[in-house]
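This report describes selected features of a structural model, shown below.

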Amino acid sequence: MFGNWWKRLIVAPGYIANYGYADGSGTYYITITTEKCNACGECVKACPAQVFEVIEDDYGDNVAIVKDDKKKNIKYLCGPCKPTANRPPLPCMAACKPGAISHSW
Amino acid sequence: MITAGVDVGAETVKVVILKDGEVLASSIVKAGLDRQKSAEEAMGNALNAAKISKSNIQKITATGIGRKEISWATDMVTEIAAAAKGANKLFPSARTVIDIGAEESRGVKVNADGKVIDFAKNEKCAAGVGSFVESMSRAIETTVEQMGPLSLKSDKIIPMNVTCVVFAESEVVSLIHAKQTKEDIARAIHEAIATRTTSMVRRVGIEKDIALIGGVANNPGVIERLTQHLGTAPLVPKDPQLVGALGAALLAAS
Amino acid sequence: MVEEKKEYWRWTEGLYLNKDIDWRKAKSITLGVDIGSVSTQAVVLTDGKIYCFASIRTGSDSPDSARKAVESALKQTDLKQENIHYTVGTGYGRVNIPFANKTVTEIACHARGANYMGGPTIRTILDMGGQDCKAIQCDERGKVVQFLMNDKCAAGTGRGMEVIANLMAVPITDIGRLSFEIDKEPPPVSSTCVVFAKTEAIGLMREGWTKNQVLAAYCSAMAHRVVTLLQRVGVNKDFTITGGIAKNIGVTRRILNELKVDMVQLQPDPQIAGGVGASLFAADLLEKQRKAAG
């Protein structure tokens, strides 16, 4: 039965991962929809703060994630890219062709 | 025309009295539980120094987080507008104003007239503000005033991994256990503040000249680290914590 | 830093053994070790059933904490660590467990563990750990569908609660009960930041608030903070809370009131969900390994 369970996991769709912060000044979340992620690694190259990496996740899919040592510090790492006034779109979002990366600010 | 600016901050209340754009007197009082009372005291001190009475003041503008508690203020402005105006008066060439207070920090982009173009702030989080230095000074058993001079004696940077002050306290304790010196730890703390501040200010874009104001600007350790991160030395006025009150007084006059 | 004379933060370490199980008859004996920032759990499953566990405080050294947790769990029985077929590590210190065969993220483990302990109807899990707080949605198999994790911030975490316990000089295990011994629910404290909360608490006490009122104001501020997180991912029934704070009714009841939902209480201990999940992953991986070996 565990063998079946495992197989079902591999074909199951991915998940939505939100990494970020909420404080008095608002919320900041980077969202990766792993179902849309094709593990191309363009976000890894595009991010000026080296936030991303492509790994095999717990369910055996290759997906982009926010690195372990970075995911607790999004507010400061992503701060410089946060759009205010006339700022360009986030490099990670612009680089992601399948549109798997979005943000909440 | 005589105007006054009252800046009711988390830690201190500041008052600046202006006559025709020139400073007549100023005062700083530690904020007690009753901020109205502390403001009253600060105003009293400034009035004594200026040798005038409250009735001589035509307009009083309040700013700071406790600005709404001052019943005798004729007007109110945000801390951001006050910081921009005050910094512009002292440093007309400044286009970016960094204001680091006890509980809040802000990055403000200003034009040549001292008007706010854009801003970013860090609120309700002690990481990267004055409280952070204060907590950390307690953790390494020194005073806030000693933090700057201590850190200037260090020439290495130990990376601090955590953002939150509560966790940084435990990190500092483990650094002490790991036999790191107070000097090096103090520098690491200032490095952390500088990283956070720069990251926040980058959101509005960093344009020269840069003015650094707020109580934390009294700390040479923070100035040293910020200079590294900004790639240029910030302009720091003599009484950096008074700039908000100065700005408020200037806005009252205009 | 000044050492606290009394350790108000100290919570009860947990031990459990199911005496009805004979581990010698088990085909699969797996171990899950969850090293969190504040607590470490070691959970042994025999043929997919909880056999024994230990929940201890994490020390300064992760491998050491992992070893101690396993030792405490196994001390209750004659099962030895060499009898264990597969070990999975999870939690923030998971990469530092020398005897783990594999590591799995705590998000996947909490979902899996909550699904096992609370049943397949669990859809939303709030994990309130020592240093962070995560909202997880999972499907009927315990697979993660969505999660939300935050930057390291003590507000709304076990560590934040420990700070409050020390500040108010109230044993952490009493906070929940005391926070309801009030006439009227006070408004929540305005600061989410624990550092600012310290100043605020002193102010409130001077204004004449009772200790219990201040505790209530904290618990509801903490509850409100996590409710905003939960609302970002959405709350689907059934709902459960894992981690140490799940034991603090001062926070959990206020979360439930604000969300207007009920929660499934995880038995025997909501703090071991991550360890149980890790042990379940270990069982899957063992099965897979055995199949591959024929």
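## The sheet of chain C

Tyr86(C) in E5(C) is the bridge partner of Thr30(C). The model is a predicted one. Thr30(C) and Tyr86(C) form a bridge where strand E2 (residues 29-35) and strand E5 (residues 86-90) of chain C pair in the parallel sense, over 5 bridges. Helix H8 (residues 273-293) of chain C packs on the sheet. H8(C) touches E2, strand E3 (39-46), strand E4 (49-57), E5 and E6 of chain C, and its direction makes about 140° with that of E2(C).

The sheet itself is open and has 6 strands, in the order E1-E4-E3-E2-E5-E6 (chain C), with mixed pairing. Strand E1 (14-17) and strand E6 (102-103) of chain C each have a single partner strand, so one side of each is left without a neighbour in the sheet.

## The sheet of chain B

In chain B, 5 strands make an open sheet with mixed pairing, ordered E3-E2-E1-E4-E5. Its edge strands, strand E3 (22-30) and strand E5 (75-76) of chain B, each pair on one side only. Strand E1 (residues 2-8) and strand E2 (residues 12-19) of chain B are antiparallel and share 7 bridges. Within this pair, Gly5(B) stands opposite Val16(B) in E2(B).

Two helices of chain B lie across E1, E2, E3 and strand E4 (59-63) of chain B. Helix H1 (residues 35-50) of chain B runs at about 145° to E3(B), and helix H8 (residues 243-253) of chain B runs at about 140° to E1(B).

## Helix pairs

| Helix pair | Axes come within | Crossing angle |
|---|---|---|
| H6 (residues 211-233) and H7 (residues 249-259) of chain C | 8 Å | roughly 50° |
| H4 (residues 144-152) and H7 (residues 220-230) of chain B | 6 Å | roughly 50° |

The axes of H6(C) and H7(C) cross at roughly 50°, which means that H6(C) is oblique to H7(C). The crossing is right-handed. Residues of H6(C) in the contact include Ala216(C), Cys219(C), Met222(C) and Leu230(C); on H7(C), Val251(C), Arg254(C), Ile255(C) and Glu258(C) are among them. By class, this contact has 10 nonpolar, 4 polar and 2 charged residues.

The axes of H4(B) and H7(B) also cross at roughly 50°, and H4(B) is therefore oblique to H7(B). Gly148(B), Pro149(B), Ser151(B) and Leu152(B) of H4(B) meet Pro220(B), Gly221(B) and Glu224(B) of H7(B). These residues divide into 3 nonpolar, 3 polar and 1 charged.

## Contact between chains B and C

How many residues does each chain give to the contact between chain B and chain C? Chain B gives 20 residues and chain C gives 19 residues. The buried area is about 1500 Å², and carbon and sulfur atoms give 70% of that area. Lys124(B), Val166(B) and Phe167(B) supply 38% of the area that chain B buries against chain C, more than any other three residues.

## Backbone details

Most residues other than glycine have a negative phi, and most peptide bonds are trans. Lys208(B) and Asp209(B) are joined by a cis peptide bond, with omega about -10°. Asp209(B) is in the loop between helix H6 (182-202) and strand E9 (210-213) of chain B. Another cis bond runs from Gln267(C) to Pro268(C), with omega near 5°; Pro268(C) is in the loop between strand E11 (263-264) and H8 of chain C. Lys179(B), a residue other than glycine, has a positive phi near 65°. Lys179(B) is in the loop between helix H5 (165-177) and H6 of chain B.

How values were computed
Residues numbered from 1 in each chain as written. Chains lettered and ligands numbered in written order. Predicted model: local features only at pLDDT ≥ 70, side-chain atom pairs only at ≥ 80, totals over all residues. Heavy atoms only, no water. Axes fitted to C-alpha atoms, helices over the stretch in contact; angles between N-to-C directions. Helix = DSSP H or I, 4+ residues; strand = E, 2+ residues; numbered from the N terminus. Parallel < 35°, antiparallel > 145°, perpendicular 65-115°, else oblique. Left-handed = near helix turned anticlockwise from the far one by under 90°. Contact = heavy atoms within 4.5 Å. Nonpolar A, V, L, I, M, F, W, Y, C, P; charged D, E, K, R; others polar. Pairing = 2+ DSSP bridges. Buried area = accessible area lost by both parts, 1.4 Å probe.
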